[in-house]
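Please look over the sequence and the three-dimensional structure shown here before reading on. The report that follows takes up the sheets, the helices beside them and the chain as a whole.

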Amino acid sequence: MSSFQAQTNEMLARLPIHHQDSIQKAGRHVDLEPGLVLHRVGQPTTSYFFPVTGVVSLTVPVKDGQQVEVGLVGREGVVGVGALLGNDRHDLEAMAQIRGRGFEVPVGAIVGDLGEALRALGARYASSLMVELAQSAACNRLHSVEERTARWLLQAGDHARTKDLRLTHEFLAMMLAVRRASVTVVVGVFDRAGLIVAKRGRISLADRDGLAEVACDCYKMIRASAPKYD
């Protein structure tokens with residue numbers, strides 16, 4: 001039986017049992033609290049983070065010290081895939097966004113046959129992530145706040161594997177690089193239309209099909225590119 005069953009990271013679950021045992025001995029469980037920075041731009045990678053629950057945002061810096069989200073990492077992937085594949089330059093910042101748990105593994109523990117096995121899975125994940133990064137960047141530039149918000153909510157639900165998202169309007173506005181007031185208006189419209197149920201610090205996806213109709217085609221393209229490990 002796999003060492004990583006049920007609530008787990010999909011990449012780790014695909015490793016042979018003996019490699020899973022090595023990962024568990026070398027790593028540790030961590031809480032992914034919203035706002036926790038896992039990697040900073042330009043700093044060397046010291047640990048890989050494999051989300052088990054929750055969602056991590058990948059962001060790029062813009063003017064005035066703000067960050068704009070270009071990708072999400074959930075239990076399907078890993079934070080630090082560039083270093084895993086031999087590029088130890090972090091041009092993206094990784095920050096926990098939706099509360100959850102993860103598994104932190106020191107870079108130095110991923111060696112030998114374990115490193116080879118994990119890099120093979122990492123290459124598949126990186127290919128999917130590249131599509132998401134490019135599509136999200138285009139979406140942020142070209143599409144309306146309504147379309148982008150619907151796309152993001154659906155995407156976050158997919159990564160977190162839940163319809164109940166714990167996040168604030170402030171955080172969502174920061175990730176979409178729009179004013180908080182704009183997000184509040186859109187969330188209110190979606191709530192009244194029955195697409196979501198919005199409460200303080202929480203948004204539940206009540207009508208995914210309806211949200212998909214509002215979202216731009218970027219959501220379909222990103223979802224179609226999800227990593228396939230089998």
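Over how many bridges do β4 and strand β5 pair? The antiparallel pairing of β4 with β5 (residues 67-73) runs over six bridges, where two strands count as paired if DSSP finds at least two bridges between them.

## Basis of the model

This is a predicted model, in which local features need pLDDT of at least 70, side-chain atom pairs count only at pLDDT 80 or more, and totals for chains, interfaces and linings use all residues. Residues are numbered from 1 along each chain as its sequence is written, and side-chain values use heavy atoms, with hydrogens and water left out.

## The chain as a whole

The protein chain has nine helices and ten strands; these are DSSP runs numbered from the N terminus, with helices (H or I) of at least four residues and strands (E) of at least two. A compact globule of 230 residues would have a radius of gyration near 17 Å, and the 17 Å of the protein chain agrees with this; the radius is taken over C-alpha atoms, and the globule rule is 2.2 Å times the number of residues to the power 0.38.

Of the 230 residues of the protein chain, 49% count as buried, which here means under 20% relative accessible area, while exposed means over 50% and partly exposed lies in between (1.4 Å probe, protein chains only). Among contacts (heavy atoms within 4.5 Å) with a separation of 6 or more, 73% come from residues 24 or more positions apart.

## The four-stranded sheet

Strands β2, β6, β4 and β5 form an open sheet in the order β2-β6-β4-β5, with antiparallel pairing. Its edge strands are β2 (37-39) and β5, each of which pairs on one side only, and the twist averages 35 degrees from one strand to the next. Such angles run from 0 to 180 degrees between N-to-C directions, with axes fitted as lines to C-alpha atoms, for helices over the stretch in contact.

Strand β4 (residues 55-61) is mostly covered, with five of its seven residues buried. Val 60 of this strand stands opposite Val 68 in β5, whereas Val 56 stands opposite Ala 96 in β6. Five bridges join β4 to strand β6 (residues 93-98) in the antiparallel sense, and β2 pairs with β6, also antiparallel, over two bridges. Helix α4 packs on this sheet, touching β4 and β5, and its direction makes about 145 degrees with that of β5. Helix α5 (residues 145-160) also packs on the sheet, touching β4, β5 and β6, with its direction at about 40 degrees to that of β5.

## The three-stranded sheet

A further open sheet, of three strands, has the order β8-β10-β9 with antiparallel pairing, and its edge strands are β8 (164-165) and β9 (196-199), each pairing on one side only. Four bridges join β9 to the antiparallel strand β10 (residues 202-205), where Ile 203 is the bridge partner of Ala 198. Helix α7 (residues 180-192) packs on this sheet, touching β9 and β10, and its direction makes about 125 degrees with that of β9.

Val 189 has its place in helix α7, and counts as partly exposed because its relative accessibility is 40%.

## Two sides of helix α2

The buried residues of helix α2 (residues 17-26) are His 19, Gln 20 and Ile 23. What covers them includes α1 (10-13), β7 (100-106) and α4 (112-142). On the face turned away from the buried side, α2 carries the exposed residues His 18 and Lys 25.
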